[in-house]
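Please read the following briefing alongside the sequence and the model.

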Number of protein chains: 2
Amino acid sequence: MRDAYHEELDAITDQLVDLSGLVASAIGRATSALLDADLQLAESVIAGDEQIDAVYHDTENRAFDLLARQQPVAGDLRVLVTSLRMVADLERAGDMALHVAKIARRRHPVSAVPTQLRSTILEMGQVAQLIMAKAGDCIQHRDVEIAAQLERDDDAMDALHRRLFTALLDETWTDGIEAAIDITLAGRYYERFADHAVSVARRVVYLVTGERVAT
Amino acid sequence: MRDAYHEELDAITDQLVDLSGLVASAIGRATSALLDADLQLAESVIAGDEQIDAVYHDTENRAFDLLARQQPVAGDLRVLVTSLRMVADLERAGDMALHVAKIARRRHPVSAVPTQLRSTILEMGQVAQLIMAKAGDCIQHRDVEIAAQLERDDDAMDALHRRLFTALLDETWTDGIEAAIDITLAGRYYERFADHAVSVARRVVYLVTGERVAT
């Protein structure tokens, strides 16, 4: 019985890793859709959010079920409650990818990204995808060192976010209000996406070390 | 022992209600600070977020402690896990108030809100404060009817949010990019604030009826 229980616990961890993969892919594709005004790609990210939500609910139900049936104590209880939080972070990060894709769809056939910001948005998308891939590795290997890397990646994201605002507020901005709104929102979504990945990593640190990192 | 346990469970619920009160007050004061470019009020909201975070962590620790010590089953387990989620929603809503206050502080001594949007922002602040007060009532009384009201209030918030964008995209917008950015972000913060209140109410519905409302 005890073994079946730990198998189920491992299965939940596997689902978290899978979910981080789905979410990392979603933000990468959403970024391409945004840059290239690719409606089909945007629609695929939007449709794919249902799968992310389904995995989220399934993981949540399994964790809940295990809590109720097995009454785990100490370490196992901590793993389960932490899993419930990580899955919520991953689902929210998926929503950020969804929001980016929706900007792409709304502005199609025009790209929402002015030429001079293309490389910044591209880089934000890359950092976001990478940070979520690392969050997945962090969950899988319980790797505190990767968690430290994520904090640095998040600093890089914050620097990119500031670069966006600098461009928006520059006197040479001639792309108008609509583009400014879209870029402001997209910037916020990327920043939040990275925050959720960092939050996942911090929860892994908590599991491994018992120390709570301020969120 | 069982009675002490239920007392502790009630104490956690009381803390959730208190926290919703703190957060409702924070968004009301942040809105005043934003509209009136009131630096002192903005600083008080910013400083007050520490108290909100302290109550959040304390509530979380108590719930966790109870989970570990008492190994609750079925209904009580559901209450505890749901409490952990509600407290996270409330803390995030508090962050939204913090962000609004930070806009006020950044733009001081100028108000970030152009004249023609003052009433819309005022109304968003009022709806936000009210919806969070209702979320507190909903937690306290386990009242599913109030939860239904919150959904309607959230529709009102969405309508106000659309009104902001209509103003931003109107050809007569002459307040420039910086104001457009601040209004875009503030709008997002109010909308998210209301979403967190709705999420709390839906969790109460889940506790009462066992039915999960899509989030």
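**Helix packing and local features**

Helix α3(A) crosses helix α6(A) in a left-handed sense, a crossing being left-handed if the near helix is turned anticlockwise from the far one by less than a right angle, and right-handed if clockwise. This is a predicted model, in which local features need pLDDT of at least 70 and side-chain atom pairs count only at pLDDT 80 or more, while totals for chains, interfaces and linings use all residues. Residues are numbered from 1 along each chain as its sequence is written, and chains are lettered from A, with ligands numbered from 1, in the order in which they are written.

**Overall build of chain A**

- Chain A holds 6 helices and 0 strands, in the order α-α-α-α-α-α along the sequence; helices (H or I, at least four residues) and strands (E, at least two) are DSSP runs, numbered from the N terminus.
- Along the principal axes, the C-alpha atoms of chain A fill a box of roughly 65 × 35 × 20 Å.
- Of the 215 residues of chain A, 44% count as buried, where a residue is buried if 20 or more other C-beta atoms lie within 10 Å of its own, exposed if 12 or fewer, and partly exposed in between, with C-beta atoms placed from the backbone.
- When contacts in chain A between residues at least 6 apart in sequence are considered, 81% of them join residues at least 24 apart; two residues are in contact if their C-beta atoms, placed from the backbone, lie within 7 Å.

**Helix pairs within chain A**

- The axes of α3(A), residues 74-107, and α6(A) come within 9 Å and cross at roughly 165°, which makes α3(A) roughly antiparallel to α6(A).
- Axes here are lines fitted to C-alpha atoms, for helices over the stretch in contact, with angles from 0 to 180 degrees between N-to-C directions; angles under 35 degrees count as roughly parallel, over 145 as roughly antiparallel, 65 to 115 as roughly perpendicular and the rest as oblique.
- The axes of α4(A), residues 118-141, and α6(A), residues 176-209, come within 9 Å and cross at roughly 15°, and the two helices are therefore roughly parallel to each other.
- The crossing of α4(A) and α6(A) is left-handed, and the residues that meet include Ile121(A), Met124(A) and Val127(A) in α4(A) and Ala186(A), Tyr190(A) and Phe193(A) in α6(A).
- By class, the contact of α4(A) with α6(A) has 17 nonpolar, no polar and no charged residues; Ala, Val, Leu, Ile, Met, Phe, Trp, Tyr, Cys and Pro count as nonpolar, Asp, Glu, Lys and Arg as charged, and the others, Gly among them, as polar.

**Where the two chains touch**

- In this contact, 19 residues of chain B meet 19 residues of chain A, and the side of chain B that touches chain A draws two or more residues from each of α2, α3, α5 and α6 of chain B.
- The largest share of that side of chain B, 7 residues, comes from α6(B), and by class the side has 15 nonpolar, 2 polar and 2 charged residues.
- The axes of α2(A) and α3(B) come within 10 Å and cross at roughly 135°, and the two helices are therefore oblique to each other.

**Single residues**

- Lys134(B), in helix α4 of chain B, counts as buried with 22 C-beta neighbours inside 10 Å, and touches Ile146(B), Gln149(B) and Leu150(B), not counting residues up to four places away in sequence.
- Ala47(B), in helix α2 of chain B, is exposed, with 11 other C-beta atoms within 10 Å.
- The peptide bond from His108(A) to Pro109(A) is cis, with omega near 10°, and Pro109(A) lies in the loop between α3 and α4 of chain A.
- Ala37(A), in the loop between α1 and α2 of chain A, has a phi near 50°, a positive value in a residue other than glycine.
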